[in-house]
Amino acid sequence: MKTVYVDNNATTKVDPDVLEEMLPYFSELYGNPSSIHSFGGEIGRKLTEAREKVAALINASPEEIIFTSCGTESDNTAIMSAVQAFPFKKHIITTRVEHPAIKNMGEYLSRNGYRATFVPVDDKGNLDLDYLYKKLSDETAIVSIMWANNETGVIFPVQEISEVLQQRGILFHTDAVQAAGKVPVDVTDVKTDMLSLSGHKIHAPKGVGILYVRKGTKFAPHMIGGHQEKGMRGGTENVASIIGMGKASELALKYIDREKIEVAKLRDRLETELLAKVPETIINGDRDNRLPGTTNISFKYVEGESILLHLNELGICASSGSACTSGSLEPSHVLRAMSVPYTAAHGSIRFSLSRYNTSEEIDYIVEKMPPIIEKLREMSPFWEKR
Ligand code: PLP
């Protein structure tokens, strides 16, 4: 059975060119980049090259790039650094729709002596900016707002926010894990102090992340150890993955137009045809303000998890917007924050495309989806009662 992989916001395939670039660093080139001898020194030079390539992806300087183990570590480090660097500021602001790497950190801090504000969104997933600005205070250590949402693809106005925060002298972090490689991410336009990226969302391997820290930003390390990353993140570098991240960043820049145009076209056709063929179907999130490859579709009156199981049998890999918690299917915090009605939130599926998806794959999904929904609705008590 063929696999149709449309779950690229969960993780992406490692690009073959990325893999090729990495392979020698698992075998003959195994030196430690911190070693004095030239066998290790050579690896150090490759890390410098990778740092330059990652910096170019976001238009930063290489010295502003810290390699971490994942997007979660980068997100956690940004918040922990801010609260440690400004010990008298006991307030943080984020949104109700952040990835758990930020959302759960906010909740953790609010149980440990801090105040955390979670900015709401409207029914299209757009941020309530007035609410955000009203909550800013001299107590605020950091504001962390994602560049683009992982479930709906909705893009937040990070440039405007960064300007307001810069004027107010409040630290800004943005989680650009889902945005990078799909839309331009440029830290000279968006004046963020810190920014997170993750390798496995841009066709690099899992286990490598980036924290961008703008020159001059007060920073407290989260991983205390050796002198690696100029003392800003201890631990011997994940050399092969970092080299892969460098190559993936280079490719992400090269292919960004393909993401913006070709991938968006495939996504739009998938949406249009599913909406035409399956009644009582809605798109979650602002259709005019989204990442090119993401769509979050609610098939009303059915369970997303049941849809996923049927898709799985046909080799189609997607995600649902509900998760099984304590035996019941709970819609995700993102859909709840958007007040998506119960009957729709439960039947939500996220398809996230990449440059590897083809028009034939979209045809296959469009062909297979309507009978699945029809069959599930026949069994649904909600469908009968509607
Ligand atoms: N932030 C966002 C928006 C994400 O989508 C993810 C992963 O899904 C992360 C952070 C966490 O990244 P990682 O899996 O590298 O820890």
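User: From which domains does the lining of the largest cavity draw at least three residues each?

Analyst: This is a predicted model. The largest cavity has a volume of about 100 Å³. Its lining draws at least three residues from each of two domains: domain 1 (4-11 + 256-379) and domain 2 (16-251).

User: Which residues lie nearest the centre of the largest cavity?

Analyst: The lining of this cavity divides into five nonpolar, five polar and four charged residues. It is made of 14 residues. Nearest the centre lie Lys182, Lys201, Ile202, His203 and Glu259.

User: Which strands stand at the edges of the seven-stranded open sheet?

Analyst: The strand order is β2-β8-β7-β6-β5-β3-β4, with mixed pairing. An edge strand here has a single partner, so one of its sides is left without a neighbour in the sheet. The strands at the edges are β2 (65-68) and β4 (115-119).

User: Which residue in β5 does Ile93 stand opposite?

Analyst: Strand β3 spans residues 91-95 and strand β5 spans residues 140-144. The two pair in the parallel sense over three bridges. Opposite Ile93 in this pairing stands Val143.

User: What angle does the direction of helix α6 make with that of β6?

Analyst: Helix α4 (residues 100-110) packs on the sheet and touches β3, β4, β5 and β6 (171-175). Helix α6 (residues 158-168) also packs on the sheet, touching β5 and β6. The direction of α4 makes about 145° with that of β4. For α6 and β6, the angle is about 165°.

Note on methods. Residues numbered from 1 in each chain as written. Predicted model: local features only at pLDDT ≥ 70, side-chain atom pairs only at ≥ 80, totals over all residues. Heavy atoms only, no water. 1 Å grid on protein atoms, 1.4 Å probe; cavity = no way out; pocket = protein on both sides within 12 Å on 5 of 7 lines; lining within 4 Å. Points joined across faces, edges and corners; volume = space filled by probe spheres on them. Nonpolar A, V, L, I, M, F, W, Y, C, P; charged D, E, K, R; others polar. Domains from an automatic or database assignment. Pairing = 2+ DSSP bridges. Helix = DSSP H or I, 4+ residues; strand = E, 2+ residues; numbered from the N terminus. Contact = heavy atoms within 4.5 Å. Axes fitted to C-alpha atoms, helices over the stretch in contact; angles between N-to-C directions.
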